[in-house]
Amino acid sequence: LTCAPGTGVYQWVVRLNRCDKGHVFIGVCTAAARNDSYLGSDRHGWGLIGTRALWHNAVKVRTEYSGGFGSGCAVLVRLDTTRGTLSFGMAGGADWGLAFEGLPTKEPLFPAVSLYQSDDQV
């Protein structure tokens, strides 16, 4: 899925089949994002980890966002490519609200997931 710039709101759900320690990152990235590290480890990625922190540019930009997630959860991701915002929630449940703003609005963004534990599965 490519989320083209300025085309409105995209929503998708990430189902966590196995995430026992909460070390899965969910979010978006540009085509220039690193693929040898976690989502949010550079300026091209924005990620929420299951232990409730938001990451961007290798910085934990916020702690205690959301109720966290783990095995069996279905996380809703909402990207507004016109406003440059990213939000999360539990599919069919709580809306955790705005996570990031100021995302690029002139280049495509892509749904992204980073797995940390060798047995994590989405």
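Colleague: How many aromatic pairs does this model contain, and by what rule are they counted?

Modeller: Rings of Phe, Tyr and Trp (its six-membered ring) pair if their centres lie within 6.5 Å; planes under 30 degrees apart count as stacked, over 60 as edge-to-face and the rest as tilted. By this rule, the count is four aromatic pairs. One of them joins F25 and Y38, which are stacked at 5.1 Å centre to centre with 25° between the planes. The model is predicted, so local features need pLDDT of at least 70 and side-chain atom pairs count only at pLDDT 80 or more, while totals for chains, interfaces and linings use all residues. Residues are numbered from 1 along each chain as its sequence is written, and side-chain values use heavy atoms, with hydrogens and water left out.

Colleague: Which parts of the chain does the pair of F25 and Y38 tie together?

Modeller: Strands (E, at least two residues) are DSSP runs, numbered from the N terminus. F25 lies in strand β2 (residues 24-29) and Y38 in the loop between β2 and β3 (45-49), so the pair ties together parts that are 13 residues apart in sequence.

Colleague: What is the geometry of the pair formed by Y65 and F88?

Modeller: Y65 and F88 are edge-to-face, 6.3 Å centre to centre, with 75° between the planes. Y65 is buried, with a relative accessible area of 1%, and F88 is buried, also at 1%.

Technical notes:
Helix = DSSP H or I, 4+ residues; strand = E, 2+ residues; numbered from the N terminus. Buried < 20%, exposed > 50% of the residue type's maximum accessible area, 1.4 Å probe, protein only.
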